[in-house]
Amino acid sequence: MKLYTYFRSSAAYRVRIALALKGLDYEAVPVHLVRDGGEQHQPEYRALNPAGLLPALEDGGQVLTQSLAIIEYLDETHPEPPLLPGPALDRARIRAIAQHIACEVHPLNNLRVLKYLSGTLAVDEATKKAWYHHWVGSGLAAVERLLAGDPRTDTFCHGDTPTLADLCLVPQVFNARRFDCDLSAMPTITRIVAACEELEAFAQASPARQPDAE
């Protein structure tokens with residue numbers, strides 16, 4: 001397998017955690033999102049992923065895109081440990097938490113949105129930071145309420161083993177901390193992320209341990 005990745009990409013980070021938890025070997029192929037206007041826009045990468053987004057996973061001659069689809073593919077083809085465990089209602093809750101982060105929070109604060117704000121719309125740095133803090137803060141506050149108010153929340157987002165929800169939560173919190181978001185009112189999120197960070201798979205997938213880390 002080849003994973004086209006960037007060390008600070010939240011979406012690629014999710015997939016790296018899944019690969020590490022499942023003990024799967026892969027070749028990391030760095031795609032720099034900033035250098036030379038963004039290597040994801042180069043024809044060679046667009047031939048793999050026409051959307052020009054990370055990550056992409058190449059497996060058996062096939063290219064998969066979109067992090068949640070990739071992770072579910074890995075879970076179906078390498079089912080241990082399961083990232084969507086339990087009965088249908090449990091799996092729906094796990095997906096809901098994951099999708100809230102990946103589909104509601106992350107798209108509003110990813111690199112291409114921030115570049116559009118500062119470039120095309122010419123907003124200043126303070127306004128861009130206020131945008132980031134508003135959407136990430138309100139989005140994670142909603143996740144905190146979902147987690148804190150449900151007895152199925154345990155050591156991790158759902159139960160006592162990491163699931164797809166945790167794979168989405170940890171990278172988003174990494175980015176929130178990088179941009180100085182205040183997480184003091186989110187004790188459940190903070191506790192869960194700390195539990196994840198104690199696991200070697202999460203540490204192995206972290207941005208600081210990637211071959212393209214800067």
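Student: Which residues of H6 meet Pro187, Thr188, Ile189 and Ile192 in H8?

Tutor: This is a predicted model: local features need pLDDT of at least 70, side-chain atom pairs count only at pLDDT 80 or more, and totals for chains, interfaces and linings use all residues. Residues are numbered from 1 along each chain as its sequence is written, and side-chain values use heavy atoms, leaving out hydrogens and water. Helices (H or I, at least four residues) and strands (E, at least two) are DSSP runs, numbered from the N terminus. With contact meaning heavy atoms within 4.5 Å, the H6 residues that meet H8 are Leu140, Val143, Glu144, Leu147 and Ala148.

Student: How do the residues of the contact of H6 with H8 divide by class?

Tutor: Ala, Val, Leu, Ile, Met, Phe, Trp, Tyr, Cys and Pro count as nonpolar, Asp, Glu, Lys and Arg as charged, and the others, Gly among them, as polar. On that basis the H6 and H8 contact divides into seven nonpolar, one polar and one charged.

Student: Are H6 and H8 roughly parallel or roughly perpendicular?

Tutor: Axes are lines fitted to C-alpha atoms, for helices over the stretch in contact, and angles run from 0 to 180 degrees between N-to-C directions. H6 and helix H8 (residues 187-197) pack at about 80°, with axes 8 Å apart. Angles under 35 degrees count as roughly parallel, over 145 as roughly antiparallel, 65 to 115 as roughly perpendicular and the rest as oblique. H6 and H8 are therefore roughly perpendicular.

Student: How is H4 oriented to H7, roughly parallel or roughly antiparallel?

Tutor: Helix H4 (residues 88-105) packs on helix H7 (residues 164-178) at an angle of about 30°, and their axes are 7 Å apart. That makes the pair roughly parallel.

Student: Which residues of H7 make the contact with H4?

Tutor: H4 brings Ile94, Ile97, Ala98, Ile101, Ala102 and Val105. By class, the whole contact has 10 nonpolar, one polar and no charged residues. The H7 side is Leu164, Ala165, Cys168, Leu169 and Gln172.

Student: What is the handedness of the crossing of H6 and H7, left or right?

Tutor: The axes of helix H6 (residues 125-148) and H7 come within 11 Å and cross at roughly 145°. A crossing is left-handed if the near helix is turned anticlockwise from the far one by less than a right angle, and right-handed if clockwise. The crossing of H6 and H7 is left-handed.

Student: Which residues of H6 make the contact with H7?

Tutor: H7 supplies Leu169, Gln172, Asn175 and Ala176. The contact divides into six nonpolar, two polar and no charged residues. The H6 side is Tyr132, Val136, Leu140 and Val143.

Student: Is Val15 buried or exposed?

Tutor: Val15 lies in helix H1 (residues 10-21). Among the residues it touches beyond four places in sequence are Leu3, Pro55 and Ile71. Buried means under 20% relative accessible area, exposed over 50%, partly exposed in between (1.4 Å probe, protein chains only). At 0% relative accessibility, Val15 is buried.

Student: What separates the C-alpha atoms of Asp124 and Glu72?

Tutor: Asp124 sits in the loop between helix H5 (111-118) and H6. At 45% relative accessibility, Asp124 is partly exposed. Asp124 and Glu72 are 52 residues apart along the chain, and their C-alpha atoms are separated by 39 Å.

Student: How many disulfides are there?

Tutor: A disulfide is a pair of cysteine sulfur atoms within 2.5 Å. For Cys196, the closest cysteine sulfur, in Cys157, is 6.7 Å away, too far for a bond. The count is zero disulfides.
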